[in-house]
Amino acid sequence: MAVSKLVKYLLFNFNLWFFVGGIGIFSFSAFVRINKADFQITDELLPAVDVLIFVGAMTMAFGFLGCCGVLQESRCLLAIFFKGLLVMFLMLLSVGVLGAISRTASAQEMLKEHMKDLLPLSEQPQDFQASFQIVEVTGFCCGFFGGHHDWGNAKAVPPSCNCRDFTRNCTVLEGRRIYATPCMTYYMTWLDRVSVTLMGIASGFGILMILAMIFSTIMFCQLRDGNKRFFLSF
């Protein structure tokens with residue numbers, strides 16, 4: 001059948017990269033989901049991570065189907081591949097939208113309101129306090145909004161607030177040097193960085209998916225036209 005070798009070669013390589021990329025997306029997203037406390041994933045970002053896990057799994061499956069469709073020159077497999085890519089493209093578009101929404105002022109205000117319900121921090125469960133103390137150490141900060149006041153009282157302020165880097169903004173509390181910067185600043189910076197990463201992943205794979213859909217459509221049409229000429233020759 002009259003199928004362009006260039007289109008066949010390009011589509012096969014696209015599918016191969018989709019399969020490998022799907023493994024990478026699925027593995028990384030699942031690792032982040034399992035260790036969400038270590039990555040400081042908020043509830044607002046969990047839907048985007050879950051979508052990436054699903055997209056990664058589907059990318060592996062459809063990448064494999066695409067490779068088989070190209071090698072066997074199967075119109076059926078190419079049609080399934082095209083429809084699967086279209087669905088995944090729409091899902092990746094939703095990831096990009098979620099990433100963009102998380103950067104808006106309204107979304108950040110919602111996050112702030114959610115965190116206000118956690119005050120004072122000293123009354124929260126021990127596992128939450130332990131996770132937040134890790135944030136304080138890594139972010140060189142103390143408390144959410146009001147610094148050490150968010151812990152309730154001076155005696156409840158944990159050692160994670162102790163100022164270890166004197167180049168940072170520090171203050172004195174009952175003879176202790178502690179970080180004066182609230183962790184909300186660190187959270188907003190981190191959230192913005194994660195949002196940009198999500199949008200970058202969605203945009204990059206979205207462009208590749210569009211190209212793969214174009215090449216699969218071209219190959220599908222070439223196979224169809226080849227079949228028509230084959231039957232008309234009789």
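1. Cys-141 and Cys-183 are both buried, where buried means under 20% relative accessible area, exposed means over 50% and partly exposed is in between (1.4 Å probe, protein chains only). The two are joined by a disulfide with an S to S distance of 2.0 Å; a disulfide here is a pair of cysteine sulfur atoms within 2.5 Å. The link is right-handed, at 95 degrees about the S-S bond. It connects distant parts of the chain, 42 residues apart: Cys-141 sits in the loop between H5 and E1, and Cys-183 in helix H6 (residues 183-232). Helices (H or I, at least four residues) and strands (E, at least two) are DSSP runs, numbered from the N terminus.

2. A word on what we're looking at: this is a predicted model, with local features needing pLDDT of at least 70 and side-chain atom pairs counting only at pLDDT 80 or more, while totals for chains, interfaces and linings use all residues. Residues are numbered from 1 along each chain as its sequence is written, and side-chain values use heavy atoms, leaving out hydrogens and water.

3. Next, Cys-142 and Cys-161, whose sulfur atoms are 2.1 Å apart in a disulfide. Both cysteines lie in the loop between H5 and E1, so this pair ties together parts that are 19 residues apart in sequence. Cys-142 counts as buried because its relative accessibility is 0%, and Cys-161 is buried with a relative accessible area of 0%.

4. Cys-163 and Cys-170 make a disulfide too, with sulfur atoms 1.8 Å apart. Its torsion about the S-S bond is about 45 degrees, so it is right-handed. Cys-163 is buried at 7% relative accessibility, and Cys-170 is buried at 16%.

5. On the overall pattern, the count comes to three disulfides. Number the bonded cysteines in sequence order and the pairing reads 1-6, 2-3, 4-5.

6. Two further cysteines to look at are Cys-76 and Cys-221. Cys-76 is exposed, with a relative accessible area of 52%, whereas Cys-221 is partly exposed at 25%.

7. Finally, have a look at His-148, in the loop between helix H5 (126-139) and strand E1 (170-173). His-148 counts as buried because its relative accessible area is 17%. Setting aside neighbours within four places in sequence, His-148 is in contact (heavy atoms within 4.5 Å) with Cys-142, Val-157, Leu-173 and Ile-178. One of those partners, Cys-142, is the cysteine bonded to Cys-161 in point 3.
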